[in-house]
Amino acid sequence: MSLEPAIIDRKLEDFARFMRAKGKVLRFLAKLVDAKGQDKDREFVINYFLATDQVSVYEPPIRNSGIVGGLFLAKGRYKKFIRANGIDGEVE
């Protein structure tokens, strides 16, 4: 019994998904939840590229705020963040 057809099917499925989602981007506007001082006005644009499962984060510049803005997180694939309990790094 060979597992080769399963691998080929997965590659074809990935390619078909790539072709269907080519050029499609989901954009979200985000703000900091517990922001204080200057950070309360900061906004971020989160781009999720459907074809490649990549994420990028951009911060639009705000005039006269002292915050430069620009690319916050470069386009790439990132692992899911797991929040730690306190300083010792225990995982919830």
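**The salt bridges**

Guide: Asp39 is partly exposed because its relative accessibility is 30%, the class between buried (under 20% relative accessible area) and exposed (over 50%), computed with a 1.4 Å probe and protein chains only. The model is predicted, so local features need pLDDT of at least 70 and side-chain atom pairs count only at pLDDT 80 or more, while totals for chains, interfaces and linings use all residues. Residues are numbered from 1 along each chain as its sequence is written, and side-chain values use heavy atoms, with hydrogens and water left out.

Across the whole structure there are 3 salt bridges, each a side-chain nitrogen of Lys or Arg within 4 Å of a carboxyl oxygen of Asp or Glu. In one of them, Asp39 pairs with Arg42, with 3.3 Å between the closest N and O atoms. Arg42 sits in the loop that runs between β1 (25-31) and β2 (43-49). Its relative accessibility of 16% is why Arg42 counts as buried.

Arg42 also forms a salt bridge with Glu59, where the closest N and O atoms are 2.8 Å apart. Glu59 belongs to strand β3 (residues 54-59) and Arg42 to the loop between β1 and β2, so this pair ties together parts 17 residues apart in sequence. Strands here are DSSP runs of E, at least two residues, and helices are runs of H or I, at least four, numbered from the N terminus. Both Arg42 and Glu59 are buried.

Beyond neighbours within four places in sequence, Arg42 has contacts (heavy atoms within 4.5 Å) with residues including Ala30, Leu32, Ile62, Ile67 and Phe72.

Another salt bridge joins Arg77 to Asp53, with the closest N and O atoms 3.7 Å apart. This pair links distant parts of the chain, 24 residues apart: Arg77 is in the loop between β4 (70-76) and β5 (84-85), and Asp53 is in the loop between β2 and β3. Arg77 is exposed because its relative accessible area is 61%, whereas Asp53, at 22% relative accessibility, counts as partly exposed.

As for the setting, the protein chain has 1 helix and 6 strands, in the sequence pattern α-β-β-β-β-β-β. Of its 92 residues, 14% count as buried. Among contacts with a separation of 6 or more, 22% come from residues 24 or more positions apart.
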